[in-house]
Amino acid sequence: MKLMDRVRATLRVKRYSLRTEKTYCYWIRFFIRFHGIRHPATMAGSEVRQFWNISR
C-alpha cells in the first residue's frame, strides 16, 4: 500500500473529517515535494525543522 493510501486509511479509521484528510494530504505532499520527492521514511528531524523554518 502506498504512503498516501495508508495516511487516508488511518485518518478514516480515526474518523477524521474529509476536510482534515484533504488538508493533511496536501501538507504531506508539499513536504515531500519540498525535499525533492524523497520518501518521508528516509528523512529525520532536521528535514522537518528545515521545512517549518521556510514555511512560516
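Let's start with a definition: helices here are DSSP runs of H or I with at least four residues, strands are DSSP runs of E with at least two, and both are numbered from the N terminus. With that in hand, the protein has three helices and zero strands, and from the N terminus on its elements run α-α-α.

Before we go further, a word on where this comes from. This is a predicted model, where local features need pLDDT of at least 70 and side-chain atom pairs count only at pLDDT 80 or more, while totals for chains, interfaces and linings use all residues. Residues are numbered from 1 along each chain as its sequence is written, and side-chain values use heavy atoms, with hydrogens and water left out.

Now, the overall picture. The C-alpha trace spans about 30 × 25 × 15 Å along its principal axes. The accessible surface, from the Shrake-Rupley method with a 1.4 Å probe and with only the protein chains shown counting as cover for residues, comes to about 4600 Å². Carbon and sulfur atoms hold 56% of that surface.

How many of the 56 residues count as buried? The share is 20%, where buried means under 20% relative accessible area, exposed means over 50%, and partly exposed lies in between (1.4 Å probe, protein chains only).

You'll find W27 in helix α2, which covers residues 18–34. Is W27 buried, exposed or partly exposed? W27 counts as partly exposed because its relative accessible area is 37%. Together with Y26 and F30, W27 forms a nonpolar patch on the surface, with about 290 Å² of accessible area among the three. For a patch, residues need over 30% relative accessible area and no salt bridge; nonpolar side chains (Val, Leu, Ile, Met, Phe, Trp, Tyr) are joined within 5 Å, and like charges within 9 Å. A salt bridge, in turn, is a side-chain nitrogen of Lys or Arg within 4 Å of a carboxyl oxygen of Asp or Glu.

Our second stop is H35. H35 is buried because its relative accessible area is 11%. Which residues does H35 touch, leaving aside its neighbours within four places in sequence? The contacts (heavy atoms within 4.5 Å) are with M43, E47, Q50 and F51. As for E47, the side chain of H35 reaches its backbone oxygen at 3.1 Å.

Terms used
Polar contact = N/O pair within 3.5 Å; in protein donor to acceptor, adjacent residues only side chain to side chain.
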